[in-house]
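Here are my notes on the model, in numbered points. Please read them with the structure open beside you.

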Amino acid sequence: MASGEEDGTVEEKETNNKKRTKGTIATAWLTFYNIAMTAGWLVLAVAMVRYYLQKGTHKGLYRNIAKTLKFFQTFALLEVGHCAIGIVRTSVIVTGVQVCSRIFMVWFVTNSIRQIQNEESVILFVVVWTITEITRYSFYTFNLLNHLPYFIKWARYNMFIVMYPLGVIGELLTIHASLPYVRRSGMYSLRLPNKYNVSFDYYYFLIIVMLSYIPLFPQLYFHMLRQRRRVLHGEIVVEKDE
Amino acid sequence: QKHHKKVEILDAKTKDKLCFLDKVGKVLPSFSLHWYPARQSIRLDPKGKSLKDEDVLQHLPVGTTATFYFRDLGAQISWVTVFLTEYAGPLLIYLMFYFRVPFIYAPKYDFTTSKHWVVHLACMCHSFHYVKRLLETLFVHRFSHGTMPLRNIFKNCTYYWGFAAWMAYYINHPLYTPPIYGEQQIRLALTVFLFCQIGNFSIHIALRNLRPPGSKTRKIPYPTKNPFTWIFLLVSCPNYTYELGSWLGFTLMTQCLPVAFFTLVGFIQMTVWAKGKHRSYLKEFRDYPTLRSPILPFIL
């Protein structure tokens, strides 16, 4: 055998080995990440149930779980990174939008406007998020371990039908409740005159955010419905050609 | 000696036979399929690139029966129309804010003028820029494609008109704050702006002269006697470089964050276009100068 050929196959094997190692590391990390996130949201769920059972009211519940919620929801930013480096095959933009809207809800609405933290709508969306995330992360975990129980798959592709609209209602009601407080305090706003010659009114910004749910929510909802049809019933969906 | 071919046209998506021509001469006639020619995309492969108007049937890699695939490109609109609309908007919108037309600012300011001379200067620069663009569209540019999809006009106008309104609102606002470094800053900004306007125009003229009227030939642009074109030595798309420079000048002149934001977004888009153009130059011409970068010398 000519030495040239030998070198060729050795190089090929090395590249393939490198690829396989990268793939194994990625899988290991993703498995750890998804297990950790499942655990985190489970902890949150347990904390909420315990609080309600002990106190009998939802008042003060948000403050009780705020730190845990902030931690695990913020940690989800990593998922954008996963898409960006290609170890998860989802669009960076879609993931980015979803994570950012969650971060926005947590940090820029609920966390910063104390007066609305005891609203029922807050509990609504937090409960919905908890159920959704536990389902989602356990789905990913089982997928990575190649042992996907049918009921997890069923849950992932069916619960959203109810959870999504409920979550949207919770979020919209919360933002709406915060409006008077935002207006009164003028928070996160910049008035003229200033040396940057720009102004920003958080009150109107929130109204625009609420309005943006109108075009965005149906798109995401129907995207999930299409995915559901494809996964559960094996239907071939003809995508619109650009 | 006539070479006759048989031609069949299939729909690219459904593969339905749309039309069959028994005896076709050298050139495929642009026939009516209920869609006007600009909407028709004829290609050899359903997922491939469109054939050009100039392509000759005889010279295509087909057998005695040529199979073409048809794709409807959707409603089309001419490039000239799009450009004129998207540029006329900012020109007029900015002027509305400049003259403080009612219902924009508080009623006591209606039809008043700003007390800052830089605001008048900014209006002149902004208006000059868009008048220049309109005139270039009418008299200078030679477009490779006649048309683009209709939905582009809505997208493009939203972008141009929206940003123009956003910028104009603050620059012409009664509570506008002039640049920190005053006259020095404005003078420098104006110099940069004018320099880049002349530069941008020079590049457009140079590109126009590359292509004789009516032709669609493509050549590598080179520096001419005009010093403003010497930048071709370092950059593939200097028109975008100068455009960026103009808007940086305008940002400096007005010291307005929305203008900076508009400049940034424009820069990102122009970089994408420049990289694409640079890549196609490299693909098309073996001897393309290696020193050139797409938009920023040596950097990008």
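1. The radius of gyration is taken over C-alpha atoms, and the globule rule used for comparison is 2.2 Å times the number of residues to the power 0.38. For a compact globule of 242 residues this value would be near 18 Å, but chain A has 23 Å. Along the principal axes, the C-alpha atoms of chain A fill a box of roughly 85 × 55 × 40 Å.

2. Some ground rules. This is a predicted model, in which local features need pLDDT of at least 70 and side-chain atom pairs count only at pLDDT 80 or more, while totals for chains, interfaces and linings use all residues. Residues are numbered from 1 along each chain as its sequence is written, chains are lettered from A and ligands numbered from 1 in the order in which they are written, and side-chain values use heavy atoms, leaving out hydrogens and water.

3. Chain A has eight helices and zero strands (helices are DSSP runs of H or I, at least four residues; strands are runs of E, at least two; both are numbered from the N terminus).

4. The UniProt record, an unreviewed entry, lists residues 32–53, 157–182 and 202–222 of chain A as "transmembrane region". Such positions are given in the numbering used here, feature names are shortened, and annotations may be inferred rather than shown by experiment. In the model, residues 157–182 of chain A are 96% helix and 0% strand, with end C-alpha atoms 37 Å apart. Residues 202–222 of chain A are 100% helix and 0% strand, and their end C-alpha atoms lie 30 Å apart.

5. Which residues have the most contacts inside the largest nonpolar core? They are A:Trp41, A:Leu69, A:Val109, A:Trp129, A:Ile175 and A:Leu206, in a core of 41 residues. Helices giving two or more residues to this core include H1 (3–55), H4 (92–110) and H8 (202–233) of chain A. H5(A) gives the most, with eight residues. A nonpolar core is a set of buried Ala, Val, Leu, Ile, Met, Phe, Trp, Tyr and Cys residues joined through side-chain atoms within 4.5 Å; buried means under 20% relative accessible area (1.4 Å probe, protein chains only).

6. Not counting residues up to four places away in sequence, A:Ile175 touches A:Met105, A:Val109, A:Leu206, A:Val209, A:Met210 and A:Tyr213 (contact means heavy atoms within 4.5 Å). Of the contacts in chain A with a separation of 6 or more, 72% join residues 24 or more positions apart.

7. Of the 242 residues of chain A, 36% count as buried.

How values were computed
Buried means under 20% relative accessible area, exposed over 50%, partly exposed in between (1.4 Å probe, protein chains only).
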